[in-house]
Amino acid sequence: MPRHLLFGLICLLLISLAGVSYYYDLQQRIQELVRPSPEPVPYLAVPPTVSPTSPLRMVKLFFPSSRQENRLEGEMRGIRSAQLPSDVAKQVLSELIGGSQEGRLPALPPGTRLHELFLTKRGLAVVDLSQEASLNHPGGLTMELASIYCVVNSLTQNVPEIQQVQVLIEGVEAETLAGHIDLSRPFTEDVSMVEGNQPATLSGSQ
Amino acid sequence: MHIENPSSIRLSSSQFTSEFRSTGRATEQESFPRLLCLVAVFIVSLTSMMAVVCAGPSRSHVRHDSSRGVAGSGLLSSRHRCSVDSLPSMRALPSRARAETVQILGERRLLRGKKGARTLGNETFQDLPVVFAQAERPVPFDPLSTAPGPAAAQKAGTVAASELGAVGAADFVRLSAKLEANGVLRLQANRSVAAEVQQEGARVVLQFGKTRIEFSGLTGSQMPSWIRSMALGQPETANQLVIELAGGVGSARISHLASQNATIVEPIYQDNPKTGDGSPAQPASWKWKHITVDAGHGGLDRGTAIREQVYEKDVTLAIARKLRWALETRLGVTVVLSRPDDRTQSLEERVTAANLARSNLLISIHIGSSAPSKVAHSYAYTAAWPGEGSAAAEAGTMQRLFVPWHEAQRGSLTWSQRLAGSVQAELNRALNDGQALNIRHIPAKLLRALAMPAVLVELGNAREAGFQSAVQEESFQNLAAATLASAVEKFRTLHERP
């Protein structure tokens, strides 16, 4: 084969190669542009083992009030019955992370996911949340306290096996959720912030 | 197999090759020029594409270079620049002149031009960088940090258009007087300077040795009632500041804040043992030695967002710095910030530092954020252990030999609550429009482990529009710091009462 022909062929090969790669790159970019908005991130990394046919049961979730400062308001929600208390707890938290349906403030910041939830025999629920719970938190002491007690009270009120709740962030013990409240110790139920009760935690006297 | 039209060859290269071979020599020769054309077209288009791709960066590179060329020689970084008004006596002289007499603060000095260096008296500007600016006004720069030796005592600058150099004395300190919100006088120097204080009756003299002072005082209306006059004692030497106190003021308490290059002058009244802001005079032997002021959040933990690019961590640090100054001057104790700048510091580290320093008190500053609330109330918080026992546990902890780290606060809780009460009373008066709001108790990570009276203060509400703008203002921050300082001062009289 003559040399100039070989040269021409090599050039053609290179050019076609570049053309093909450019075509694929372009196609990928177009696909990225027209791709529909991403699927909503599932709130649970490990879904509970619940049969879709199992009967519904009502649970009471707590969300920060949008009208009053330092108040939590209850909201009824239907979940699937499950044999294991941890499966009930996971559903409760999933619903809680999903937010209020009646215009209350979010209990946990957007983007939060529940990595894992397990129960010890002594009634301690260990809740492992994703880092968004801390990173996306709007801040403020009262909002932080409300977030924590929404989780704690929603779990303790709906799952009788749970007496205490320990919150982890990304699988490890965190100092705080938003810079104030101690997360290193487990929390017990505190309904003093719940509407209709006398506030205790946040009040005092001079 | 015969190919009618070689331009139809758009198949894969292997197909192309095999078909080409099968056609024989005649076809090969016939199609070759067209193929060559095709290749040439491809190469030309490829080259032009490459040219287009490369053109962008090269153009921007040129732009970048030209902008640097205009801005200057690139010898100086911005930190070497100083504002024009910090050169008190600036003289312009032709940089190529052999010698020029210049007058610096009343002294006539000979400035000689030399290749690569200039001399002023016996002092030579060896490493004097020259900057050419686009502006017509002189751009002074500060060779203090770059030129060692005698040149460090001088400043110089050049004017771009005429290549003029300007030289002025740098051996001066710019001192400005400012009246603080709590009625004390703050003398702020632009750099660190040593001053000797002499008090003779109602006359206070701050002697600055050989350092010359450029002083900007207060105008008549700004002058507080307790100062009769304030001026440089001897204008020609410009090294002493004389403050004449008004009648009724016995003497002044002078405190130096070395960390801030500031001196605080506070009146001590003759007939009435009270300072200007109504706080009691300091007894001889206060037991307090150390106070920790904690600026909430910091570094990666930005706290709540007050506005775009304005975060809680910055505001708390600003208030904490002001509070440190206020406490240092009022109480005369060492005040340490748990984080001196914008750095990430865990709560555990802050607690450890305060406990190890055996601080007498800790006050932590935060900004509130409450979405539903339309009001911006400020609260004082103390530690709580919900679900972990109460008064009984507190008593138990106090008697135990070893105290769990997270319960160290139990022993000081009573005093913390009194401190919080004092803080809340002051907050109610100054920031809560006189409303009688109560202190609050929370399971705060920081407070629980502190082995001293400790309070966490949450100021206002970052979601409230009025507060959002107020909290960034110096006046609000001064007020907050003064309020907290008053509360601490009142608490001390309570705490140290025998």
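## Reading the labels

Helices (H or I, at least four residues) and strands (E, at least two) are DSSP runs, numbered from the N terminus. With that in hand, welcome to this predicted model.

What is the phi value of A:Asn70 near? Phi is near 60° here, a positive value in a residue that is not glycine. A:Asn70 counts as buried because its relative accessibility is 14%, and the limit for buried is under 20%.

Is B:Arg358 buried or exposed? With a relative accessible area of 69%, B:Arg358 is exposed.

## Chain B in outline

Chain B has 498 residues, and 46% of them count as buried. Its secondary structure consists of nine helices and 25 strands. Take the contacts in chain B between residues at least 6 apart in sequence: 65% of these join residues at least 24 apart.

In chain B, six strands come together as an open sheet with mixed pairing, and their order is E21-E18-E22-E25-E23-E24. Strand E21 (334-337) and strand E24 (440-442) of chain B are the edge strands, each pairing on one side only. From one strand to the next, the twist averages 25°. Helix H4(A) packs on this sheet and touches E23, E24 and strand E25 (454-459) of chain B. The direction of H4(A) makes about 50° with that of E24(B).

Let us look at one pairing in detail. Strand E23 (residues 379-383) of chain B pairs with E24(B) in the parallel sense, over three bridges. Which residue in E24(B) is the bridge partner of B:Tyr381? The partner is B:Arg440. A helix of chain B is involved with the strands too: helix H9 (residues 474-495) lies across strand E18 (290-295), strand E22 (361-367) and E25 of chain B. H9 runs at about 155° to E22(B).

Helix H4 of chain A spans residues 141-158 and includes A:Glu144. This residue is buried, yet A:Glu144 has no salt bridge. How far away is the nearest side chain of opposite charge? That side chain is B:Lys445, at 11 Å.

What A:Glu144 does have is a polar contact of 2.6 Å between its side chain and that of A:His180. Leaving aside residues up to four places away in sequence, A:Glu144 touches A:His137, A:Thr176, A:Leu177, A:Ala178, A:Gly179, A:His180 and A:Ile181.

## Salt bridges

Side chains of opposite charge can pair when their charged atoms come close. Over all chains, the structure holds 20 salt bridges. One of them is in chain A, where A:Arg77 and A:Glu95 pair with their closest N and O atoms 2.8 Å apart. Because A:Arg77 lies in strand E2 (residues 72-80) and A:Glu95 in helix H2 (residues 85-98) of chain A, the pair ties together parts that are 18 residues apart in sequence. A:Arg77 counts as buried at 6% relative accessibility, whereas A:Glu95 is partly exposed with a relative accessible area of 25%.

In chain B, the side chains of B:Glu244 and B:Arg203 meet in a salt bridge of 3.1 Å, N to O. The two residues are 41 residues apart and link distant parts of the chain: B:Glu244 is in strand E15 (residues 240-245), and B:Arg203 is in strand E12 (residues 203-207). B:Glu244 is partly exposed, at a relative accessible area of 21%, and B:Arg203 also counts as partly exposed, at 31% relative accessibility.

A further salt bridge in chain B joins B:Lys490 and B:Glu426, with 2.6 Å between the closest N and O atoms. B:Lys490 lies in helix H9 and B:Glu426 in helix H6 (residues 413-430) of chain B, so this pair ties together parts 64 residues apart in sequence. B:Lys490 counts as partly exposed at 47% relative accessibility, while B:Glu426 counts as buried at 5%. Back in chain A, salt bridges that share partners join A:Arg67, A:Glu73, A:Glu75, A:Arg77, A:Glu95, A:Glu102 and A:Arg104 into one network.

How values were computed:
Residues numbered from 1 in each chain as written. Chains lettered and ligands numbered in written order. Predicted model: local features only at pLDDT ≥ 70, side-chain atom pairs only at ≥ 80, totals over all residues. Heavy atoms only, no water. Buried < 20%, exposed > 50% of the residue type's maximum accessible area, 1.4 Å probe, protein only. Lys, Arg positive; Asp, Glu negative; His and termini not counted. Salt bridge = Lys/Arg side-chain N within 4 Å of Asp/Glu carboxyl O. Polar contact = N/O pair within 3.5 Å; in protein donor to acceptor, adjacent residues only side chain to side chain. Contact = heavy atoms within 4.5 Å. Pairing = 2+ DSSP bridges. Axes fitted to C-alpha atoms, helices over the stretch in contact; angles between N-to-C directions.
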